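Reader: Please go through the strand pairing and the salt bridges of this model with me, one question at a time.

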Amino acid sequence: MTKMKLAVISGSLREGRFGPGIARWFTGQASAHGLFDLDVIDPADTPLPAALPLSQETLMDVTGRPEEMRRLAERLERADAFVVVTPEYNHSFPAALKHLIDWHLTQWQAKPVALISYGGQGGGIRAAEHLRQVFNELHAVTIRNWLSFDQHWTRFDTDGRLIRDPEGAEAAAKVLLDQLGWWSEALRQARLAVPYQAAA
């Protein structure tokens, strides 16, 4: 059986951002776990226009987009599951991440999403909870367990190496990946049996 495809999305464009480093740490955990083929998606690599298309029909038709935007949509479409790495800005998640999500209306449907949040004292928990509401509206399934890193600047070095309590975070990452694997396989089989649009 072919491996499932996991897209790991780094959700921040802020100067000096920690997201890509945390995403690198997690992809190392996911690679060692062995269940997924990995695709790391950074919104900085594909700038999206500020204005969304007028209609949902236009938003769903990616064939007329510029090549880079079309490739991004195709990468999201191919994914069986997602991990979203998000900081918390002003009690929520970044605008750049919302913009990436909003530009892709159907690619998340009937697929599981795992969340990794980071921030100050709260570890980005409010950002993660807000994302659950957004992905629910897009017919995605957010899994129960997530990873949260409070005071992330004390936990990771500048290369994305976890230097504080690595054993606890690695154990939590394994539980998250186990859950994500179950949901990924179950929902992939369901999509193959009955295309989700037919049941929507």
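Reader: In which sense do strands E4 and E6 pair, and over how many bridges?
Author: This is a predicted model, in which local features need pLDDT of at least 70 and side-chain atom pairs count only at pLDDT 80 or more, while totals for chains, interfaces and linings use all residues. Residues are numbered from 1 along each chain as its sequence is written, and side-chain values use heavy atoms, with hydrogens and water left out. Strands (E) are DSSP runs of at least two residues and helices (H or I) of at least four, numbered from the N terminus, and two strands pair if DSSP finds at least two bridges between them. E4 (residues 112-119) and E6 pair in the parallel sense, over four bridges.

Reader: Which residue of E6 is the bridge partner of Gly119?
Author: E6 spans residues 147-150, and its uncovered face holds Ser148 and Asp150. The partner of Gly119 is Asp150.

Reader: How far apart are the closest N and O atoms of Arg17 and Asp42?
Author: A salt bridge is a side-chain nitrogen of Lys or Arg within 4 Å of a carboxyl oxygen of Asp or Glu. Arg17 and Asp42 form one, with their closest N and O atoms at 2.8 Å.

Reader: Is Asp42 buried or exposed?
Author: Buried means under 20% relative accessible area, exposed over 50%, and partly exposed in between (1.4 Å probe, protein chains only). Asp42 has a relative accessible area of 15%, so Asp42 is buried.

Reader: Which residues are linked with Asp80 in a network of salt bridges?
Author: Asp80 forms a salt bridge with Arg188, and both are buried. The network links Asp80 with Glu185, Arg188 and Arg191.
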